[in-house]
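Open the model in your viewer and switch to a cartoon view. The tour below goes one selection at a time.

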Amino acid sequence: MLVNEKIAIEHGLKSDEYKKICKLLKRTPNITELGIFSAMWNEHCSYKSSRIHLKKLHTKGKKVIQGPGENAGVIDIEDGDALVFKIESHNHPSFIEPYQGAATGVGGIMRDVFTMGARPIANLNSIHFGSTQHKKTKNLLRGVVHGIGGYGNCMGVPTIAGQTSFDRSYNGNILVNAMTLGLVKKDKIFYSKAAGLNKPVIYVGSKTGRDGIHGASMASASFDEKIEEKKPTVQVGDPFTEKLLLEACLELMSGDSIIAIQDMGAAGLTSSSIEMASKGNLGIEINLNKVPCRETKMTPYEIMLSESQERMLIVLENGKEEIAKKIFDKWNLDFAVIGKTTNTKNIELFFDNEQVANIPVNTLVENSPMYDRKWKKSKLPKKNKINKTIFKSLKIKDTLKKILSSPNVCSKEWIWQQYDHTVMGDTIQKPGGDSGVVRVHKTDKAIAATVDSSATYCWAHPLTGGKQVVCETWRNLISVGAKPIAVTNCLNFGSPEKEENMGEFVECVQGISEACKYLDYPVVSGNVSFYNETKDIGIKPTPTIGGVGLIKDYKKMITMNFKEIDNIVLVIGKTEGHIDQSLLSRIILNENNGPPPEVNLFNEKNNGLTLLNLIEKNFIQSAHDVSLGGIITAISKMCIKGNKGVQIKKPKFLINEIEYFFAEDQGRYLIEISPKDLKEVSKILDKNSVHYDEIGKIIDKEMIIDQKTKLTIDELKSYNTNWLKSYMV
Amino acid sequence: MKSSVITFPGSNCDRDMDVALTKFGFKNKMVWHNDQELPKSDLIVLPGGFSYGDYLRCGSMASKSKIMHSVINYAKSGGLVMGICNGFQILVESGLVPGVLLRNKYLQFICKNVYVKVENKENTFFKNLDKKVLEFHIAHNEGNYFCTSDQLKEIEDNNQIAIYYCDQNGNTNDQINPNGSIKNIAGIFNKEKNVLGMMPHPERMIDESLSGEDGSIFFKNLLNNIK
C-alpha cells in the first residue's frame, strides 16, 4: 500500500507531523513504518504535549533509586530492600469495554512492576464514574470492578486500597487508574536499557494476535458517537498466562542471563523494541516470521502494532538461550529468539526474507514531536458569602445523614469485597482505612499505600487542587503511622489542544511539584492521560496521586477505629470553617462555585511530622485524617469502625456549629489518646506550634453532639453502608 | 511431621500455605504438578488459587495433572489430604469428595471473614478442637456447594459435612450463607474422613495482625492430631 498524507492523518498523525517523518527519513515511509511512527508519536506514547511540563516535577530525593523514565519508579526501603511502584491509566478502553479495559489495565501495571524484577505485593486503584443517575454508570461500575477483581484475584496479588467517585463530568469518559507495588532486592533490579552487540533478542509470553491494534492511538483521541466501533482496539487479558509469565520471569531473573527486559504494553512490540534500543543507543534487528502468532497471515504491520497482552521482550547474554528456554517451557509459555542487537542504531524489520522497515531509532524517540501548547491560567474564584441564617436552618443530624450516605462518602465495601485483599498473607490493613498496609514478607517492616484525587478542588483552582491531592495522600499515610516516602502520579485531563484543559494540566502539575518538593515526597513514576472527552465535553481535571510510605515496626501501625471508652478525641490542625467546594456546599447548599480550601504546606508538614512523632512515642490509639465532609464525617467513620460512640462539643470559636463540623480545611487529623497522656501530648503539640482542639471523649454506642443531637452507631452505620449496595442491586 | 503442598500452574496460595505449615511445625515440601511421585508425607495440601486460570471448570484441568494420580492413590490408601478453596474444587473434580462447586449465588467474588461451625470432630482434622465456632476467611468466586438430594442424604448419613457457614453463635441460616451453598456447607469429607475439602483459608488467619487467629488454632490442633 502506498502511503500518503491522507493515510497518515487516518493514523492520527497531523499533517506537519507526516511531513516531518518524510523529512527525517528522506523518503516516504511504507505502511509498516507509518504504523510504527503513528504508534510512537501519539500522545499516549510520546508525551508530546506534556513532556515539557513534566520536567518541572520534583523527582529527586535521598530514597529515590529510579525516577520517572523506566517501567516503574524504585525507592529504597532499607535493609537492601527496594520498592517498585507505578500507577497507570486505562480510561479509554475501560469506557468502551469495562471488564477487559479494567482487567488489562491491572495486568499492564503489574507487568511494568515485575519487568523490573519485583514481585508484586499489592494493587490499588482509583476509579471514577459519571453521575449515579446516568444510564451507563451502573454497568460500567460493575464491569470495571469485575475486571479489576478478575485479573488481580487470579494473579494472587492483594488489592489493598482504592478510591471511587461519581461526578457528572465522567458521564462520557470514566477513569480507571491502576497502581501496583512490588518488592525487589536493591541489587537485583532489572532495567530496559539494552547493551552489547549481537545479543539475542527474545520474545516470551503469549502469542501475538490481532487484538488491540492501534490501542495507544485510540487512547490518544477524544470520543464521539461512533465509540462502540472502537471495541476491537481493546485488548483481551489472560491473567492466568500473566501469572505464569510472572513466575517464569522471576525464575529467569534469579540467574544472570538478562541484560535488559521490557514488557510489551502500549504499542506492543514497536515501543518495547524501540525503547530498549534507544536507551542502549543501539540498533535492533527483528525477523517477524519468528514472532509467535495466534492467527494466520498476520502482516508485519499487524505484528508490530498488536497490543496482545502478557508478552515480554528480553535481551539475553549470549549463550543463555537454552537456560531461558527451559524455564519458559516449564511454564508452558512461548519462547522465541526473534532478533539481535546491532550497531546500526536503526530498527530493521524483516519478513519473508525482505526488509519491511528500516528506521533510525532516534527519529522515533528523540525527534518525536514536542509541543509547548497554549494554556490559560486559572484565577482563584471569589469566596461565597453564605448567609449565617442558612446554617441555623440546617439540622446536624439530617445533614450528616445526607453526607454519610452520599455516593462519594458512603462505604465502598460492595466494591472491595470483590477484590481478594488478603492473599499473600501480609495484609495488615484492609481497604476502608486511610491507607492499605502490607508487611514486607518475613520482616518487621510494612508498606503503606494510598491513592487519591480531588477533581472538584482541581476544577475550582488547579494549582491549589494539585497541591491538595499530594497532601491528602501524605495525610493518609501519616494516619496509619507510615513515614511518607514518594509518589506516583496519573494525570487525567481533557484535550491538551484546548487552552483551558492545558492550563488545568500545567497548573495541577505545578501544584503537585510544589507540594512534593516542600514535603520531600518526590514523584518517581507516572503517566499522562489526555483526551478524556466526548463530543467536546471534557472531564474535570483529575490528577491521581498514589503515595507510598514505610512503617519500620508494623506493630506500631495505626487504624482509625475508636478503641477505648473514656479516651479523649483531639482535632489536630486549625478549623477556619472553609465551606466553598465542600460536600456541604455542593450537596446541601447546592453551591458549586468558590475556591477550594487553602493548602498551607508549612502546617501540612508540621502537623503531619508532629503526629508521626506522637505515634512513634506510642501516644496515639487511633487516627484518621479529616477530608470530604469535615470533622463530623471523619469522626462518624471512626465510630462505625470501632463500634463505639463519642460525645463531642464544638470549641468556643467565632464560627458556628455547622461550619466547624462540616468545613473542609486542610492539614487536619482526628486522634484518640488516653486521658493519662493528654498532658504530655498537649505539651508536644504546643512545643511544635500545632493547633489542636480537644473536642470530646469516647462513649458507648452513641454520638452526642453539643448535648443536643444524638445518633446511635447503628444509625450511622446504616446511613453509610447501605447506599452503594442498594444502588447496585 | 511432614507435609507437601502441590503447586499447579496458577496456584497462588501455595506460598501462604507453606508459611502457615512451617510456622506450626510441619516440615513442608513444595511439589510441582508435573512430578510423578509424592515425597513421603503425613499431609498433602492442594492450595488455593486459579489453577489453569479456572478455564473449562475450576479445578478440572488440575485434577488431571500427573501428580494427582499419586495424590488419589495416597488418599485411597488412607493418607491425609486437604484441599483449600481451589484445592477443594480440584478434590471435587477428581472425585475424592462428592458434589460440585458452582458460581456464588450473587455472581460475585467474595473476600471476607466468616464464621464456620465444626460439626464433626470424629476425624484427624478437627479431633480435640476446643472451639465449636471458628472465624475463618473466604476469598472465592465459585464456592457454592451443590449436590443431588440422594448425594446429600448419603453425605449426611455418613456424617461427611465438615463445616457449615454460621453466625458468631453457631446458628446456620440463609442470611449468613455467603455464597448459596446447599445447607450452608463450607467443607466436606470423603466417606473415610481422611480427605477434607473446604472453601475457607485457615492459612490467612495465623497471626494477630491478620484477619484473625483461628487459623492458628486449626493448624496447631491438626499437627497434634497427626503426631
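Which residue in β26(A) does Val646(A) stand opposite? Select strand β24, residues 645-648 of chain A, together with strand β26, residues 692-699 of chain A. The residue that Val646(A) faces in β26(A) is Ile698(A). The two strands run antiparallel and are joined by four bridges. Bear in mind that this is a predicted model.

Look for Ile648(A), which stands opposite Ile705(A) in β27(A). While you have strands on screen, recall that side chains in a regular strand alternate between the two faces of the sheet.

**The whole of chain A**

Now select chain A. Its secondary structure comes to 26 helices and 28 strands. The C-alpha atoms fill a box of roughly 85 × 50 × 45 Å along the principal axes. For 729 residues, a compact globule would have a radius of gyration near 27 Å; chain A has 26 Å, so the two agree. Of these 729 residues, 61% are buried. Among contacts in chain A with a separation of 6 or more, 85% are between residues 24 or more positions apart.

**An open sheet**

Next, find the six strands of chain A that form an open sheet in the order β1-β2-β3-β6-β4-β5, with mixed pairing. Which strands stand at the edges? They are β1 (64-66) and β5 (159-166) of chain A; each has a single partner strand, so one side of each is left without a neighbour in the sheet. From one strand to the next, the twist averages 20°.

Zoom in on β4, residues 119-129 of chain A, which pairs with β5(A) in the parallel sense over seven bridges. On this pair, pick out Asn123(A), which stands opposite Thr159(A) in β5(A).

**An enclosed helix**

Select helix α7, residues 98-114 of chain A. From its first C-alpha to its last, this 17-residue helix reaches 24 Å, close to the 24 Å expected at 1.5 Å a residue. Is α7(A) buried or exposed? Since 17 of its 17 residues are buried, α7(A) is largely enclosed by the rest of the structure.

**Where the chains meet**

Show both chains and look at the contact between them, which takes 22 residues from chain A and 23 residues from chain B. On the side of chain A that touches chain B, the elements giving two or more residues are α8 and α10 (239-253) of chain A. Helix α10(A) gives the most, with four residues. That side of chain A divides into ten nonpolar, nine polar and three charged residues.

**Chain B**

Finish by selecting chain B, which has five helices and eleven strands. Its C-alpha atoms fill a box of roughly 45 × 35 × 35 Å along the principal axes. A compact globule of 227 residues would have a radius of gyration near 17 Å, and the 16 Å of chain B agrees with that. Of the 227 residues in chain B, 54% count as buried. Among contacts in chain B between residues at least 6 apart in sequence, 75% join residues at least 24 apart.

Terms used
Residues are numbered from 1 along each chain as its sequence is written. Chains are lettered from A and ligands numbered from 1 in the order in which they are written. This is a predicted model: local features need pLDDT of at least 70, side-chain atom pairs count only at pLDDT 80 or more; totals for chains, interfaces and linings use all residues. Two strands pair if DSSP finds at least two bridges between them. Axes are lines fitted to C-alpha atoms, for helices over the stretch in contact, and angles run from 0 to 180 degrees between N-to-C directions. Two residues are in contact if their C-beta atoms, placed from the backbone, lie within 7 Å. Ala, Val, Leu, Ile, Met, Phe, Trp, Tyr, Cys and Pro count as nonpolar, Asp, Glu, Lys and Arg as charged, and the others, Gly among them, as polar. The radius of gyration is taken over C-alpha atoms; the globule rule is 2.2 Å times the number of residues to the power 0.38. A residue is buried if 20 or more other C-beta atoms lie within 10 Å of its own, exposed if 12 or fewer, and partly exposed in between; C-beta atoms are placed from the backbone. The expected span of a helix is 1.5 Å times one less than its number of residues.
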